[in-house]
Amino acid sequence: MQEDLQRLVRHLLALDGYAGASVDTLSDFTAESFYHSYVFRNRPALLEGLVATWPAIKLWTFEYMMAQAGDMEVGVSVGRDRETDYEANYRRHEKLIPFRSLLELAASGVKSNDTYLVAKGDFFRRAHSRALCEDIPPPMALLSALTKPDDGSLWLGPAGTITPLHQDSVNVLLCQVRGQKEVSLISSLASPWLAPTGLSLSDFDPDRPDYCAFSVLREARIYRTVLSPGDALFIPVGWWHKVSALSASISVSYTTFRLPKLPPL
Ligand SMILES: O=C(O)CCC(=O)C(=O)O
């Protein structure tokens with residue numbers, strides 16, 4: 001990046017640090033005000049209770065899911081304790097296991113990052129799991145009218161799973177069904193320093209910041225928030241985020257926002 005442009009982005013990053021320490025929490029809002037203040041301004045927001053009325057919030061115990069879909073095989077990310085490259089090399093870590101085994105692990109109370117069902121597959125499009133879609137009607141007021149009931153992506157694992165710091169090329173709505181997750185977020189303005197080679201994964205750990213290796217990031221604010229059942233987190237396109245499960249957890253994410261046509265990132 002040109003030096004003057006880099007100086008400007010660094011200045012904007014430092015300004016963002018003064019904007020406020022926490023992620024805004026919204027409980028009473030309209031779709032218009034949400035799009036105006038958060039989607040179009042590229043700011044994160046915790047949408048408290050957005051999916052609190054989902055039948056899944058009451059129904060989705062691990063036992064219930066076992067009865068509904070325990071026999072199906074699911075692709076999960078494994079061997080994550082052995083190597084730290086599990087996000088960049090998903091295929092190398094992917095293993096097909098009975099859904100029942102994953103649910104037993106999550107229900108056992110163990111704390112582990114070794115096995116995690118991440119949103120890579122088409123979980124809700126499979127015959128065994130289709131009925132579960134009825135328990136998670138997509139929050140259509142915030143999403144494109146083209147969103148289908150099975151467009152959600154499932155994240156399921158025991159306490160202790162970690163999705164390391166990365167950015168996505170789309171807006172994300174992360175809805176929490178069971179358990180709690182802590183999310184750390186850093187503005188997209190920090191991209192040149194978080195991933196100098198342009199990758200969407202960073203070696204920077206917001207929980208153990210190495211400011212010797214990432215000195216410019218001293219100027220960046222690390223936002224933190226906790227997602228509880230019924231809450232949803234809006235993660236704006238390009239924002240860096242690390243997600244840690246504080247307890248055994250089930251989340252569903254959507255990326256089908258209503259957006260005007262924009263130039264590609
Ligand atoms: O819940 C997680 O572990 C990660 C979620 C996430 O990073 C995403 O939806 O982009």
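Two residues are in contact if their C-beta atoms, placed from the backbone, lie within 7 Å. Keep that in mind, please. In this protein, residues 24 or more positions apart account for 82% of the contacts with a separation of 6 or more.

A word on the source. This is a predicted model: local features need pLDDT of at least 70, side-chain atom pairs count only at pLDDT 80 or more, and totals for chains, interfaces and linings use all residues. Residues are numbered from 1 along each chain as its sequence is written.

Now the overall picture. The protein has seven helices and twelve strands. Helices (H or I, at least four residues) and strands (E, at least two) are DSSP runs, numbered from the N terminus. The C-alpha atoms fill a box of roughly 60 × 45 × 30 Å, taken along the principal axes. For 265 residues, a compact globule would have a radius of gyration near 18 Å, and the protein agrees, with 19 Å. That radius is taken over C-alpha atoms, and the globule rule is 2.2 Å times the number of residues to the power 0.38.

How much of the protein is buried? Of its 265 residues, 35% count as buried. Buried means that 20 or more other C-beta atoms lie within 10 Å of the residue's own; exposed means 12 or fewer, and partly exposed is in between, with C-beta atoms placed from the backbone.

Let's go to helix 6, residues 99-107. Its buried residues are Phe99, Leu102, Leu103, Leu105 and Ala106. They cover an arc of only 160° around the axis, so they sit on the same side of helix 6. The arc is that of the directions from the helix axis to the C-beta atoms. What do they pack against? Helix 4 (62-69), strand 3 (73-77), strand 4 (94-98) and strand 5 (153-157).

Pick out Leu102. Apart from its neighbours within four places in sequence, Leu102 is in contact with Val74, Val76, Ile97, Thr115, Leu117 and Leu156. The largest nonpolar core has 59 residues, and Leu102, Leu117 and Ala190 have the most contacts inside it. Such a core is a set of buried Ala, Val, Leu, Ile, Met, Phe, Trp, Tyr and Cys residues joined through C-beta atoms within 7 Å. In soluble globular proteins, nonpolar side chains tend to be buried together.

Now the other partner. In helix 4, Phe62, Met65 and Ala69 are buried. Their arc is only 60° around the axis, which puts them on the same side of helix 4. Helix 6 is part of what covers them. The face turned away carries exposed Glu63 and Ala67.

What comes after helix 6? Ser108 lies in the loop between helix 6 and strand 5. Is Ser108 buried or exposed? Exposed, because 12 other C-beta atoms lie within 10 Å. Helix 6 is also followed by Gly109, whose phi is positive, near 90°.

Last stop, the ligand. Around the ligand are Trp155, Thr163, Asp168, Val172, Leu174, Lys181, His241, Val243, Ser251 and Ser253. A residue is near a molecule or strand if its C-beta atom, placed from the backbone, lies within 6 Å of it. Strand 7 (172-178), strand 11 (240-245) and strand 12 (249-254) each supply at least two residues of this shell. By class, the shell has four nonpolar, four polar and two charged residues. Ala, Val, Leu, Ile, Met, Phe, Trp, Tyr, Cys and Pro count as nonpolar, Asp, Glu, Lys and Arg as charged, and the others, Gly among them, as polar.
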